[in-house]
Amino acid sequence: TGYSAGGNAGVELQIDEGTDIVANSLTPVAGALYVAITRGCLSGGCEKKTLVYQQTAGGLAETSSMPGALIDVSVNGTTAFAIFEGPDELRVLNLADPFHPTVVASRPSEGKPVSIDYASAVDTVYTLGDKLYGYSSTSLTKSAELFTAFTEDPSRRPSYPDQTARNLG
């Protein structure tokens, strides 16, 4: 259910993907709503996917879907740089139509990334996971591997999933 700033219920969404689903995250991307879900885990075949929704007069309407659950995204104009899980990969998405994104480039992710950002000053995509990795913004060719691998704090807080890469340039 979506609520207005005043607390009034406004939009309600029923995801029609079967009975064994869990909504993992809701992410606004260029005017669309991306809903990452996991389904089928109780029956032994977990599948992760991201559903794309558009606001209509009648509520939210699903317009497309992508394999994998969206973890994080950084948008620059009509291009998005995204981390997906299941399959674990980085993607460059064309958002000329944000309700029907198309994959321009992809590659397997490294270091279990939890955050992504685009640095326009150096035209580089950075992901933060066990290290900070840099990639070409067009082909996702790796261009940098910064810092040593993250070592878990003995107190177990904070851990690298608590960190984000933002405003890198």
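How many aromatic pairs does a search of the whole structure find? The search finds 2, where rings of Phe, Tyr and Trp (its six-membered ring) pair if their centres lie within 6.5 Å, and planes under 30 degrees apart count as stacked, over 60 as edge-to-face and the rest as tilted. The model is predicted, so local features need pLDDT of at least 70 and side-chain atom pairs pLDDT 80 or more, while totals for chains, interfaces and linings use all residues. Residues are numbered from 1 along each chain as its sequence is written, and side-chain values use heavy atoms, without hydrogens and water.

The ring centres of Phe81 and Tyr118 are 4.9 Å apart and the planes are at 15°, so this pair is stacked. Phe81 lies in strand S8 and Tyr118 in strand S11 (residues 115–119), 37 residues apart; strands are DSSP runs (E, at least two residues) numbered from the N terminus. Phe81 has 3% relative accessibility and counts as buried (under 20% relative accessible area, 1.4 Å probe, protein chains only). Tyr118, at 14%, is also buried. The rings of Tyr133 and Tyr135 have centres 6.5 Å apart and planes at 25°, so they too are stacked. Both Tyr133 and Tyr135 are buried.

Strand S8 also belongs to an open sheet of 4 strands, ordered S7-S8-S9-S10 with antiparallel pairing; two strands pair if DSSP finds at least two bridges between them. Strands S7 (69–76) and S10 (102–108) are at the edges, each with a single partner strand, so one side of each has no neighbour in the sheet. S7 and S8 are joined by 7 bridges, and Asn76 has Thr79 in S8 as its bridge partner.

Terms used:
Buried means under 20% relative accessible area, exposed over 50%, partly exposed in between (1.4 Å probe, protein chains only).
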